[in-house]
Amino acid sequence: MPKPNPEIPRYVGQIQNEILLHFLLISEGTSVEATVKGMRHVKLLKFSENYEIDCPNLLIRLLPAPSVEWSGTVRIVCKESELEAELIYYRSNAFLGLGGDPRCVKGKIFSSRSGEIICEIDGHWDRIVSAKDAKTGKVSVLYDAESAIADLKTPVVRNQEVTSF
């Protein structure tokens, strides 16, 4: 397994987030896909960077077993750094259309100006996502879901008083 790259900053802390969403539901018989129209604006205050992020679609599978997963292409743009990312959420190929591995993500980070690919992204958004440097071929962990949520604490409900209407 690739080791975490200390050169890739971990953006935890001051984030301003603004979302405007519109949903369009499309039924395909055994599944329903919610097309999310809108843009997420994220400001990383510590780095003075602004990001515009498209929304992936939400795929709700009804058969053979109920499940929910992201699907489609997402574009992330940072004008300050002149970098962009294009991520594709998908389900891996299955044998005879059965099974397959959900929650897969692949993509690339590239220069907005030249189009030069800086690194390629591959993995599972609920597990480990790795980045492969396009020049050196070095692979490093971009995101590890287990370590990202390891220190989260369960919220505590302080006011348990029930009010009736």
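Start by selecting I109 in this predicted model: its bridge partner is C119, over in β8. Now widen the selection to both strands. β7 and β8 run antiparallel and are paired over seven bridges. Follow the chain from one to the other and you have a hairpin, with five residues between the strands. Click on G115 in that turn, where phi is positive, at about 80°.

Next, pick up β6. This strand joins β7 (residues 104-111) in the antiparallel sense too, through eight bridges. To get your bearings, select L83 and look across to β7: the residue opposite is S111.

While you're here, show side chains for two lysines. K106 puts its charged end over the ring of Y90, 5.2 Å from the ring centre. K108 has its charged end over the ring of F110, and the distance to the centre is 5.5 Å.

Now head for the largest nonpolar core, which has 15 residues. Select Y51, I53, I76, L87 and I121, the members that touch the most others. Then colour the elements that give two or more residues to this core: β2 (31-44), β3 (49-54), β5 (67-78), β6 (83-90), β8 (117-124) and β9 (128-133).

Last stop: I76. What does I76 contact, leaving aside neighbours within four places in sequence? Y51, E52 and I53 are on the list, along with L83, E84, A85 and L87.

Methods: Residues are numbered from 1 along each chain as its sequence is written. This is a predicted model: local features need pLDDT of at least 70, side-chain atom pairs count only at pLDDT 80 or more; totals for chains, interfaces and linings use all residues. Side-chain values use heavy atoms; hydrogens and water are left out. A nonpolar core is a set of buried Ala, Val, Leu, Ile, Met, Phe, Trp, Tyr and Cys residues joined through side-chain atoms within 4.5 Å. Buried means under 20% relative accessible area, exposed over 50%, partly exposed in between (1.4 Å probe, protein chains only). Helices (H or I, at least four residues) and strands (E, at least two) are DSSP runs, numbered from the N terminus. Contact means heavy atoms within 4.5 Å. A charge sits over a ring if NZ of Lys or CZ of Arg is within 6 Å of the ring centre and within 35 degrees of the ring normal. Two strands pair if DSSP finds at least two bridges between them.
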